[in-house]
Amino acid sequence: MGNKNSAFTEEELEDYEDLTYLTRREILIAWGKWRGLVGGRGEPDKISRYPEKDVQKLPELQHNPFRDRITRVFSSLKDSRMSFEDFLDLLSVMSSKAPLQLKAHYAFHIFDYNEDQILDTEDLEVVVERLTGDHGLLPEEKNKLVERLLEDTDLDGGGISEEEFKHLLTKCPDFIHSFRFSV
Amino acid sequence: MRQSTHRQLSLPQASTEVKWYSTQPVAKAVRKGGSSLARILQANYIWRNVLKRIEGRFGSSVYAFFNFLRAMIQLNLVLSLVVVGGIVVPSVLLAGDPSLQAWGWVTNDNSSGDHDPCLDFQLEANEKASTATSQYILISPLQFLICNENYTENLKEIEQKHEVSFIKIVQDFLQGTGLFEWTILFAGRYPASAGDNGYLASLAYFLSVFTAYLVSFVFMVYFVAKFFRQTPLRLKEKSTIFANIVFTGWDFTVRGAEAARTVHICFTGEVKTAFDDDQFLQRKLRRTKREYVTLLLTRACVNVLVIGLIIGSWVGIYFLVDVSQKNIDGGSNEKFFWEYAPTVTVAAFNFMYPLLFTFVVQYEYYRGHTELLVTLIRSVFVRLTSLVVLIFTKLIVISQESRSCDPKDPFICWETHLGQQVYSVFVLDAILQCGMTFVVDVARKALGRFNNPLLKTLSQIEFFVPGHVLDVVYLQCICWLSIIHAPLFTVSVTCVPATRVFRASRSSAMFMTILCLAFLLCLVPNGMALLYLRPSLACSPFRGLDYSWQVFTYYVCRLTGSTYWIRWVVFTVDEALVVGALIVAVLLLLAYYLSLISVRNALIRRLEKKLKHASNDKVFLMNQREQQQIPGPGR
């Protein structure tokens with residue numbers, strides 16, 4: 001990677017290491033990737049914001065059915081743009097060292113399509129739709145699935161709240177293995 | 001933004017918001033130390049690239065398998081280091097000297113008076129005349145050299161009798177005889193000691209083997225604990241299958257359009273399977289008594305059949321070993337055939353039986369997942385036990401003979417003989433696996449190039465993860481079995497296939513559990529060999545002793561001074577009372593933890609109920625408030 005620390009001061013690197021779950025090496029790789037993604041407009045810095053479409057070119061996000069939700073959730077100003085620090089946030093939550101509760105928190109917001117802090121029928125329908133892609137489940141199967149989901153996980157009626165969601169995910173051992181990627 | 005957050009944090013104010021990044025100095029220091037250490041030990045770097053590519057193309061289940069493989073290879077590396085460092089290297093450096101073969105263990109007469117186990121044996125070579133400390137020498141030290149020479153001379157004779165031909169070399173390679181026999185590949189070569197005050201070779205041998213097993217055991221316990229911590233305990237009330245499928249449905253590790261399509265297909269498949277299972281359960285509840293009884297009978301029959309087949313295979317192996325012993329003389333090709341027959345039978349059973357089981361399990365009407373598990377367990381059982389039974393049978397045959405120095409005796413050096421058995425199984429298995437991967441699978445993929453749809457379906461190979469796990473476990477078992485008899489085996493080779501993924505089966509905990517069972521199963525014959533059989537006179541580092549573990553007693557007895565406490569501990573633990581007390585303590589601890597688990601389960605259920613009641617209360621109060629407000633505006 002050439003001169004490794006040309007873009008970061010030692011203090012900046014330490015700060016990033018402290019505030020995220022990434023190691024120094026991962027941060028530098030992330031910087032390289034970021035420059036590749038947004039690079040065409042001259043030397044990028046760490047605060048300027050770039051449109052979401054550029055970030056969605058990242059290989060891990062390119063074919064992800066939830067990529068627009070991901071970039072929206074991690075965008076700090078919700079202006080459909082992301083900065084490098086938002087990108088680091090994303091990588092940090094997705095790293096294997098992030099704890100279950102944190103991932104569950106973000107997963108909840110990613111699945112909450114209408115952003116009303118509750119996973120109700122509408123949100124779940126969107127989730128199922130995106131997960132099956134065009135390899136259909138028939139519409140009545142999808143409805144049945146959403147019904148079963150709500151039946152199984154909803155403890156108090158009215159949709160799945162964030163607490164119920166977190167409690168649910170403690171019973172799913174695969175979540176931590178599937179909800180991650182690394183640079 | 002980060003800088004401003006950081007500045008905010010370093011200001012000395014009490015922050016009431018919970019931040020998820022850590023600012024505590026101790027944790028910070030630990031993390032810094034850990035990351036700089038990791039930077040130094042860049043050993044994982046090679047693995048990381050490969051694993052990442054696998055992850056991207058095939059998804060997290062295949063990744064889990066390769067992670068398992070990597071852990072196994074790391075374990076084997078450590079074991080190799082232990083064994084090679086402890087046994088092989090010193091023996092190679094020192095054992096070239098043929099006079100070392102004269103060293104052996106000499107019994108002293110200890111039957112008079114107070115029996116002190118420390119004085120039973122003594123390490124001597126035949127150069128020394130009988131010393132004054134022993135009055136009766138039951139085995140003359142000269143015998144060691146004579147026995148050993150009988151054996152090696154016999155080997156050389158056999159070598160020279162047959163002409164060197166390609167077939168002969170292939171036969172030798174497959175079985176470990178001829179050229180390969182008197183080498184460091186097998187246990188017989190290692191001497192009992194390296195000279196007068198030299199390296200304690202026999203103790204090193206014993207301790208290295210023991211350490212290798214201990215390391216494997218600790219390793220497995222660690223991994224099983226780690227995986228079981230992630231798997232939650234079953235709360236039977238609410239089923240979370242659908243939630244599991246949907247919310248963990250997308251594998252975020254995949255990159256590339258092909259892999260993404262695969263995950264979509266997987267997801268749809270899993271939902272359909274879950275609905276099928278659901279219907280199956282509904283049907284199950286609606287079964288009539290009569291159907292139920294018929295089903296139970298069928299299952300019982302199938303299980304009896306399976307057990308019968310497995311026992312049949314054991315008996316077959318036993319008889320084959322017996323018969324092959326009797327037919328050991330004959331022409332050289334015939335001899336090869338009879339000696340190699342047990343190995344080939346084991347391989348044949350390993351191949352045929354899983355196919356049989358997949359056929360038979362259809363009649364038992366299990367759920368899809370259970371069906372897979374049952375077949376897998378049966379296949380594992382057959383593979384591991386047939387190997388173990390082979391070794392066991394040989395051990396029984398050996399133990400029936402008494403040790404002798406006759407060069408015509410096939411068991412003059414039984415350690416090497418057992419090592420050869422394991423070696424031949426290993427070689428055959430490796431050849432078959434490489435053959436299957438490189439020849440058959442490559443051929444199948446090549447068939448895909450033709451534009452015939454039939455050939456195309458034939459060429460799409462599933463990476464059947466449990467099958468490959470079984471292969472790895474089997475190899476590892478061979479490795480463990482062989483540690484005693486053939487110390488060079490810990491360097492194991494695995495072939496990595498490159499295939500496409502269509503099915504995802506997930507459980508790393510299952511891999512480790514199977515490995516644990518295999519380990520325990522392998523301990524049995526090795527334990528028996530080490531603890532109960534008399535070492536042969538012509539070779540092996542324990543020649544002259546009654547039992548191999550007496551080496552340990554000998555050296556413990558000679559510890560004085562600062563290491564005297566080891567001796568005290570070993571002799572105290574030996575008593576039955578202490579062992580009994582330890583076992584009782586462990587059982588009590590186990591009972592305590594089990595009760596703790598059940599208490600916590602009950603607590604979780606109570607809290608869930610409470611949550612439900614609290615929300616019901618909320619709804620009730622909201623309704624009451626609405627009712628009270630309705631007459632309000634009308635007033």
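User: Which share of the contacts in chain B with a separation of 6 or more comes from residues 24 or more positions apart?

Analyst: A contact means heavy atoms within 4.5 Å, and residues 24 or more positions apart account for 75% of the contacts in chain B with a separation of 6 or more. This is a predicted model, in which local features need pLDDT of at least 70 and side-chain atom pairs count only at pLDDT 80 or more, whereas totals for chains, interfaces and linings use all residues. Residues are numbered from 1 along each chain as its sequence is written, chains are lettered from A and ligands numbered from 1 in the order in which they are written, and side-chain values use heavy atoms, with hydrogens and water left out.

User: What does the secondary structure of chain B come to, and how is a transmembrane region of chain B from UniProt to be read?

Analyst: Helices (H or I, at least four residues) and strands (E, at least two) are DSSP runs, numbered from the N terminus, and chain B has 20 helices and two strands. UniProt positions are given in the numbering used here, feature names are shortened, and annotations may be inferred rather than shown by experiment. The unreviewed UniProt entry places the feature "transmembrane region" at several spans of chain B, including residues 340–361 and 576–599. In the model, residues 340–361 of chain B are 95% helix and 0% strand, with end C-alpha atoms 32 Å apart, while residues 576–599 of chain B are 100% helix and 0% strand, with end C-alpha atoms 35 Å apart.

User: Which residues of helix H6 of chain B are buried?

Analyst: Buried means under 20% relative accessible area, exposed over 50%, and partly exposed in between (1.4 Å probe, protein chains only). In helix H6 (residues 166–175) of chain B, the buried residues are Lys168(B), Gln171(B), Asp172(B), Leu174(B) and Gln175(B). Seen down the axis of H6(B), these buried residues fall within an arc of 165°, so they line one face of the helix; the arc is that of the directions from the helix axis to the C-beta atoms.

User: What covers the buried residues of H8(A)?

Analyst: Helix H8 (residues 121–132) of chain A has buried residues, among them Leu124(A), Val127(A) and Leu131(A). Their cover includes helix H5 (67–74), helix H7 (100–111) and helix H9 (139–153) of chain A, together with helix H8 (241–247) and helix H9 (257–285) of chain B. Just after H8(A), Gly133(A) takes a positive phi of about 60°.

Terms used
The expected span of a helix is 1.5 Å times one less than its number of residues.
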